[in-house]
Structures are given as structure tokens and as C-alpha cells.
Amino acid sequence: MRPVKRNLVRTSCLVTLYQLRAAAADLKTCLVPGCIFVYLYAAVSPVRDFIASSGEKAAPCLFVFLFSDVNLAGPLLAGMLLFAMDAPFYGRDRLFSFLRAGRGAWVAGQALFVPVLAFLYTSFLLLAGTLLLFPGIEFSNRWGKVWTTLAMSDAWAEFGLTIRVTTNILFNYTPAEALAAAFLLVFLVCTFYGFLSWMLNLIVGQAASLVVCLADIVIVARVWYFPEWTRNLVPSAWTDLAAITSGSLKMDLAGAAWRLGAGIVLTAAVSIAVTYRSDIGK
Amino acid sequence: MERKETVSAEGLVKYFGSEPVLRNVSFSVEAGTICGIIGRNGSGKSVLFKCLTGLYIPDSGKVRIDRDSLGALIEEPGFLLHYPGLRNLVYLMEIGGKVRRDAAEEAIRLVGLEPGDRRPVRKYSMGMRQRLGIAQAIMEDPDILILDEPMNGLDNEGVRDMRELFISLKNKGKTLLIASHSREDIEILCDRVYEMDKGRIALVR
Ligand SMILES: Nc1ncnc2c1ncn2[C@@H]1O[C@H](COP(=O)(O)OP(=O)(O)OP(=O)(O)O)[C@@H](O)[C@H]1O
Ligand SMILES: [Mg+2]
């Protein structure tokens, strides 16, 4: 007999925790961040070279600029998609948790798992952005010589940087603010693609869902050659704080955040409602 | 004296696409008895159990069951393979709202496993996983047990132990619903037997 009256919120959190425990040993959990890290390591080596040659230390802000390189943004978001593509996370090992949580809390726990995954993945990118510049890192809340020089001079061309350090970020934000803003954008975009892939999994099946989401993410690399207004339609382009700050996107930070928020609420609502009404564990 | 029916289904219908898998299934189980369900492969036993536990939603019909006091094992036991058996059971108890480590250990002992076994479930044999699945079903002392082919993969000794276990549970007033392919298990254990055939159910004895 289970004597304790179950609390929906608490039980959902426990279901999410159970999902995390299951994910902890998934090969994918090590493989995806591992590959992304190696990929990033190569991609940002010009920044390391520049820092080394300047003899200065940089504030740990690489994360802010990662998504300004459209060829980096695609793979980074695709990494999140690899985690989200299994949503809703029916596995054989989920039946026992379902029986104990009940349908409502179980589906809510699945839903909570998506932003938790997005948060962890974004945190990983933030951490990677810091680790990759070691030992040229200095924890300070001033932009400092490294980022200022990269923004103001043509050193970026000389060193072959693919990321763009733009002055309008330096003028509008302190490093901490820029990191917070970039974190918010990446977190929201990852959460959105998590729910989008869940919703499409239910409606058009996993294969088609993956194709649609990947296309939407890869298009970010192409969209720069399209007319400018098209960027406003592709959420994966909104991770670039520089584009938002410079006004090349027709939205400010708050505008991007509420659009993404609305997208998340919509896709999550459809995903949850459809899952709640379906058979669990096919 | 009228006995209480703890599990019952009325007119259950379930389709997969245009394929009917349950066709108007009605049956009931009296409290404190063991009810057996037999039937050929693909006759719908597991689907019926999934409807009873709430995993599947029937297209029409009614299920009456107290899901707050229900233990179940349906098809293969699914655990988190990288954790030891006891840890798996404790994590599941957590979701149910109350962790009683001693009860989990006791359940593991009851099915003939070793609570102190630190090996991950990945390294368990099929029969050991099955035993752990049964421990999972009984550990919270539920009043109703739904067991889909519980003897799957068990050795002779295991089958004997489980029969004893199920009968002792029944003697404690628990209600059991068991699907099985073994005539012998059904003969020995069950007070009432239903047979499923292509989604229809009929009382056999
Ligand atoms: N998720 C599903 N989607 C589509 N068809 C399904 C699904 N689950 C079961 N079926 C079909 O329902 C029918 C009944 O399956 P079920 O698993 O209930 O059989 P069973 O009586 O348990 O058989 P067995 O003795 O082999 O365990 C089968 O024809 C099966 O193909
Ligand atoms: Mg079956």
C-alpha cells in the first residue's frame, strides 16, 4: 500500500529526476558533449592563438559570441536536438515509473525534463566556452583588452576568427549581462526545439520530426544569404546576441524572449495534451 | 456472503489502427483470490493488462481498479541497467512517495535475490531480472498485483518459489491477476481462469 497522498508537483519532479538518472548512463550523454567539445576546441583555436599572442587574459565571455558563427550555431543546436529527439521519453524502463507517478504527474515530469535538459546543455556550452580559453582566462566583469581589440581592430581577420565580436555588445552590456542574456536566449531556443521535436514526433513521427527540426537549425547557416527579414522567422537565428543588439533582427532581447516563450508554451501545451491522451510505452 | 470485486472491466474495446485487439472484454476478480488469464500469443493479454494499469487508454469500456494500491509487472522488466537492483527499487519507491529501504530489501530476499548485490542490473541474468521485476511489484505491499507471465525465464526452483510466494500473498488477502502460458501454474494457483482468444474473453472455470 502506498499510504502517502501524492503531490503532483513533487511527483513530477521525481519523475524528472528518474529521467536524469536514466540519461546519466546513456552513451549519448557522454558522446554528444564530447564531440561538441572537440569540435569547438578546433573551431575556437584562432581565439586561443590571439589571446596567447596578445599576452593578455580574457574575460570568460566566449559563450556570448559562439552563436555569431552560423557554422558553429548549427552543430551546437543539433547537439540539443540529439537529446530531445526521443521525446516523449517512452522507454521500457519508464513503465515502472509511470505506474507509481500516475498519468498526470508522469507526463508533467516528462515535460519538465525538456527545460531541465536545455538548462544542462546550455550550462555545458557556457562551461565549454570558459574551459576552451584556459589558461588565457581572467574572471573579471570588464571586457578587457582581448575582446575590445577583437571588436575594434581587424585582428579577427588576421587570426582567421569565424566568430564575430561586435562593438554593440561591448557597449550595451557588461560581460556578466551579456553572458546572462546569451544564456537566456540559448536556453529558450533549446527548450523550444525540445518541445517542437516532441510535438512533431507525436504528429508526424520521429524521422520526419528530426528532418524538420534539423532543417530549421541548419537553415541558420544559410539564412544569412537570404533577405534579412527571413531571419525573423527562424528561432535558431535568435541565439545570436549580436544580431539582436545590432538591430539586424527586428526584435530586441525582450522581444526574442517572449516570442520564444510563447513558442515554448504552445508546443509544450500540444505535446502534453496529446501525450496525456495517448497510450504510453509503445 | 458476497465478496468484494477489486478489479473489473466492462466492455473494453481497444483498436490499433483498424485492428481490434480487445473486443468487448468484461471480467472481474474477487478480492483475495488469484485469477488466471490464458490465451495464445497475440490474443491480447498484455494489452488488457496495460489498459488495467492505465498505460493504454481503451477506446471504450470501463476499468474499475484502485491504482493507488497496485503492483504490476508487464512484459519484460525494465530497470535502469547501470544501477544495482536495490538502488533501482529505492528510486522507484521515491516516485511512489515513500521510501522504505527495509521493505525493498525484504522484497528482494523474498524473490531469492541478494539485497547486497552491488552489480548493475545490466549484469543480471534474464531470470534474475524477472525476479527483480516481481520484487518491484510486491515491494510496496499493494493490495492488487497484475503479473504478465511472471514465470518467464525462471528456473524450476524459481517457479516453485514464486508459486509459494503468490499463494502466501493470496492468503494475506491480496488479489492477483496472472497471465501465463503454463497450464500447470494456472492449475495450481488460480481460483478462476479466463481465456482470451483474438481479443475476446471467456470464463473457463
Ligand atoms: N502498441 C501496439 N501497437 C500496435 N499493435 C499492438 C500494440 N501492442 C500490441 N499490439 C497487437 O495487439 C495484439 C495483442 O498483443 P498482446 O501483446 O496483448 O498479446 P499477448 O496475448 O500478450 O501475447 P503473448 O502471449 O505473446 O504475450 C497483437 O496482435 C499485437 O500485435
Ligand atoms: Mg504478452
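# A guided tour from the shared ligand site

Begin at ligand 1: residues from chains A and B surround this ligand, so the site is shared between chains. The model in the viewer is a predicted one.

**Stop 1: the ligand shell.** Select ligand 1 together with the 11 residues around it, of which B:Phe16, B:Asn41, B:Lys45, B:Ser46 and B:Val47 come nearest. Which helix gives the most to this shell? The helix to colour is α1 of chain B, residues 45–53, which contributes three residues. Sorted by class, the shell holds three nonpolar, six polar and two charged residues.

**Stop 2: the contact between the chains.** Display chains A and B together. In this interface, 28 residues of chain A are in contact with 28 residues of chain B. On the chain A side, the elements giving two or more residues are α1 (8–24) and α6 (95–101). The largest share, seven residues, comes from α6(A). Colouring the chain A side by class will show 14 nonpolar, five polar and nine charged residues.

**Stop 3: a helix pair in chain A.** Remain with chain A and select α2 (residues 27–43) and α5 (residues 70–84), whose axes come within 10 Å and cross at roughly 175°. That angle makes α2(A) roughly antiparallel to α5(A). To examine the contact, show A:Lys28, A:Val32, A:Ile36, A:Tyr39 and A:Ala43 on α2(A), which meet A:Leu72, A:Pro75, A:Leu76, A:Gly79, A:Leu82 and A:Phe83 on α5(A). The residues of this contact divide into nine nonpolar, one polar and one charged.

**Stop 4: the domains of chain B.** Turn to chain B and colour it in two parts: domain 1 comprises 1–66 + 144–205, and domain 2 comprises 77–142. The centres of the two domains, taken over C-alpha atoms, are separated by 23 Å. Where they touch, 12 residues of domain 1 of chain B are in contact with 10 residues of domain 2 of chain B. On the domain 1 side, β6 (144–148) and α5 (156–171) of chain B each supply at least two residues. Of these contributions, α5(B) gives the most, with four residues. The domain 1 side has seven nonpolar, three polar and two charged residues.

**Stop 5: the three-stranded sheet of chain B.** Select β2, β1 and β4 of chain B, which form an open sheet in that order with antiparallel pairing. The edge strands, each pairing on one side only, are β2 (19–30) and β4 (60–64). Neighbouring strands are turned by 15° against each other on average, direction ignored.

Strands of a sheet pair through backbone hydrogen bonds, either parallel or antiparallel. At the turn, β1(B) and β2(B) form a hairpin with two residues between them, and B:Gly17 there has a positive phi of about 65°.

**Stop 6: the six-stranded sheet of chain B.** Now select the strands of the open sheet β5-β6-β7-β3-β8-β9 of chain B, listed in sheet order, in which the pairing is mixed. Which strands stand at the edges? They are β5 (70–73) and β9 of chain B; each has a single partner strand, so one side of each is left without a neighbour in the sheet. The twist averages 15° from one strand to the next.

Both senses of pairing can be inspected around β8(B). Strand β3 (residues 34–39) of chain B runs parallel to β8(B), joined by five bridges, and B:Ile37 stands opposite B:Tyr194.

**Stop 7: the β8–β9 hairpin.** Finish with β8 (residues 192–197) and β9 (residues 200–203) of chain B, which run antiparallel and are joined by four bridges. Here B:Glu195 stands opposite B:Ala202. The two strands form a hairpin with two residues between them, and B:Lys198 in the turn has a positive phi of about 45°.

Key. Residues numbered from 1 in each chain as written. Chains lettered and ligands numbered in written order. Predicted model: local features only at pLDDT ≥ 70, side-chain atom pairs only at ≥ 80, totals over all residues. Contact = placed C-beta atoms within 7 Å. Nonpolar A, V, L, I, M, F, W, Y, C, P; charged D, E, K, R; others polar. Pairing = 2+ DSSP bridges. Axes fitted to C-alpha atoms, helices over the stretch in contact; angles between N-to-C directions. Domains from an automatic or database assignment. Near = placed C-beta within 6 Å. Parallel < 35°, antiparallel > 145°, perpendicular 65-115°, else oblique.
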